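Keep the viewer open while you read.

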Amino acid sequence: MAHSIANSFAGILTFRQLVNITGTALSRAEDLAAHLRVQSLHIVNKLLHHWRSTLTSEEHAQLMDNKTSETRPTEEEPFPKLGIALDGYGGPLLEFSSDMNIATVSGFLLYTACLKVLNIKNLNGGVGTPWRSVLSFNDDIKPEWRALYKPPITKKFADLQWRILHGIVSVNSFISILNPGVTQECSFCSQRETMLHAFIHCSRLQPLFVFLKNNLRSFYVDVTFQIFIFGFKYARRNRFKCQLINVIFG
């Protein structure tokens with residue numbers, strides 16, 4: 001059903017625009033007259049009568065059913081059973097958190113799925129974070145992305161933690177490749193500075209780990225590399241505790 005109203009001066013070019021002004025019954029002549037700046041309601045009513053008479057009974061029914069701007073499946077015309085299949089592709093980055101039936105999936109999950117499909121080749125087989133293999137974490141252990149940007153953590157520190165989780169922090173072992181004037185050695189010891197060394201093995205970190213373990217015992221938290229790198233799991237019922245611990249780690 002596509003009727004056009006050729007009146008560019010008034011800005012009415014489509015049937016949808018006409019319905020928005022006159023209602024689904026095409027009966028609000030006063031509103032249309034005001035929009036067209038026409039004083040004669042008689043002329044406007046004749047126009048509306050003409051447009052109503054050109055609609056078929058089926059088009060009338062469709063127009064009245066469209067009051068809520070929603071069309072729902074019926075038994076005669078059911079929604080097709082559509083889904084998203086990742087044949088030949090996989091990995092933690094391509095997992096879906098729920099059934100991807102397009103008829104029932106939420107808008108957010110569908111949007112996320114579309115992003116994954118659009119980048120499927122880059123995400124295929126990806127582990128999400130290099131720390132998983134470095135620290136031998138199982139696939140069920142995942143970074144606490146939800147807690148990453150929770151207040152009072154600032155965006156600056158959250159962005160840094162995001163880069164650490166993705167392994168894209170510029171350590172000397174990488175910088176030395178681009179700049180021969182920079183050595184691979186750690187600035188605090190004589191060891192080669194890799195990402196693992198900078199955030200786990202460097203001797204300068206050992207007093208920090210001891211401090212964290214001693215002070216977080218009062219929160220009944222056992223400090224591990226998993227919590228230190230992936231973050232402390234956020235739970236609404238303990239949100240203040242979670243926020244404090246993540247601020248300390250940040």
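Q: What counts as a helix in the pattern of this protein?
A: A helix is a DSSP run of H or I with at least four residues, and helices are numbered from the N terminus. Read along the sequence, this predicted model follows the pattern α-α-α-α-α-α-α-α-α-α-α-α-α-α. The protein has 14 helices and zero strands.

Q: How do you know that the length of helix 9 fits its number of residues?
A: Helix 9 covers residues 155-166, which makes 12 residues. The expected span is 1.5 Å times one less than the number of residues, and for helix 9 this gives 16 Å. The end C-alpha atoms are 16 Å apart, so the two values agree.

Q: What makes one side of helix 9 the buried side?
A: Start with its buried residues, which are Ala-158, Gln-161, Ile-164 and Leu-165. Around the axis they cover an arc of only 115°, so they sit on the same side of helix 9. These residues pack against helix 7, helix 8, helix 11 and helix 13. On the other side of helix 9, Lys-155 and Lys-156 are exposed. Just after the helix comes Gly-167, with a positive phi of about 70°.

Q: How do you know that the buried residues of helix 12 line one face?
A: In helix 12 the buried residues are Phe-209, Leu-212 and Leu-216. Looking down the axis, you find them within an arc of 65°, so they line one face of the helix.

Q: Why is the pair of Trp-131 and Phe-199 called edge-to-face?
A: The structure holds four aromatic pairs, and this is one of them. Planes over 60 degrees apart count as edge-to-face.

Q: Why is Trp-131 called buried?
A: Buried means under 20% relative accessible area. Trp-131 has 0% relative accessibility, so Trp-131 counts as buried.

Q: What makes the rings of Phe-137 and Phe-230 an edge-to-face pair?
A: Their planes are at 70° and their centres 5.1 Å apart, so this pair is edge-to-face. Phe-137 lies in the loop between helix 7 and helix 8, while Phe-230 is in helix 13, so the pair ties together parts that are 93 residues apart in sequence. With 15% relative accessibility, Phe-137 counts as buried. Phe-230 is buried as well, with a relative accessible area of 2%.

Q: Why is Asp-222 called exposed?
A: Exposed means over 50% relative accessible area. Asp-222 has 58% relative accessibility, so Asp-222 counts as exposed. You will find Asp-222 in the loop between helix 12 and helix 13. Asp-222 and Leu-212 are 10 residues apart in sequence, and their C-alpha atoms are 9.2 Å apart in space.

Q: How do you know that the sulfur of Cys-186 is too far from Cys-202 for a bond?
A: A disulfide is a covalent bond between the sulfur atoms of two cysteines. The cut-off is a pair of cysteine sulfur atoms within 2.5 Å. The closest cysteine sulfur to that of Cys-186 is in Cys-202, 3.8 Å away, so the gap is too far for a bond. Cys-189 is in no disulfide either, as its nearest cysteine sulfur, that of Cys-186, is 3.9 Å away. A search of the whole structure finds zero disulfides.

Q: What makes Cys-189 buried?
A: Its relative accessibility is 18%, so with the cut-off of under 20%, Cys-189 counts as buried. Cys-186 is buried too, with a relative accessible area of 6%.

Q: Why is His-197 called buried, and which residues does His-197 touch?
A: His-197, in helix 11, has a relative accessible area of 6%, so His-197 is buried. Not counting residues up to four places away in sequence, His-197 touches Cys-186, Cys-189, Gln-191, Arg-192, Cys-202 and Leu-205.

Q: Which residues have the most contacts inside the largest nonpolar core?
A: They are Trp-131, Phe-199, Val-221, Phe-228, Ile-229, Phe-230 and Phe-232, in a core of 31 residues. Another core, of 15 residues, lies apart from it, and includes Val-19, Ala-29, Val-44 and Leu-55.

Conventions: Residues are numbered from 1 along each chain as its sequence is written. This is a predicted model: local features need pLDDT of at least 70, side-chain atom pairs count only at pLDDT 80 or more; totals for chains, interfaces and linings use all residues. Side-chain values use heavy atoms; hydrogens and water are left out. Helices (H or I, at least four residues) and strands (E, at least two) are DSSP runs, numbered from the N terminus. Buried means under 20% relative accessible area, exposed over 50%, partly exposed in between (1.4 Å probe, protein chains only). The arc is that of the directions from the helix axis to the C-beta atoms. Contact means heavy atoms within 4.5 Å. Rings of Phe, Tyr and Trp (its six-membered ring) pair if their centres lie within 6.5 Å; planes under 30 degrees apart count as stacked, over 60 as edge-to-face and the rest as tilted. A nonpolar core is a set of buried Ala, Val, Leu, Ile, Met, Phe, Trp, Tyr and Cys residues joined through side-chain atoms within 4.5 Å.
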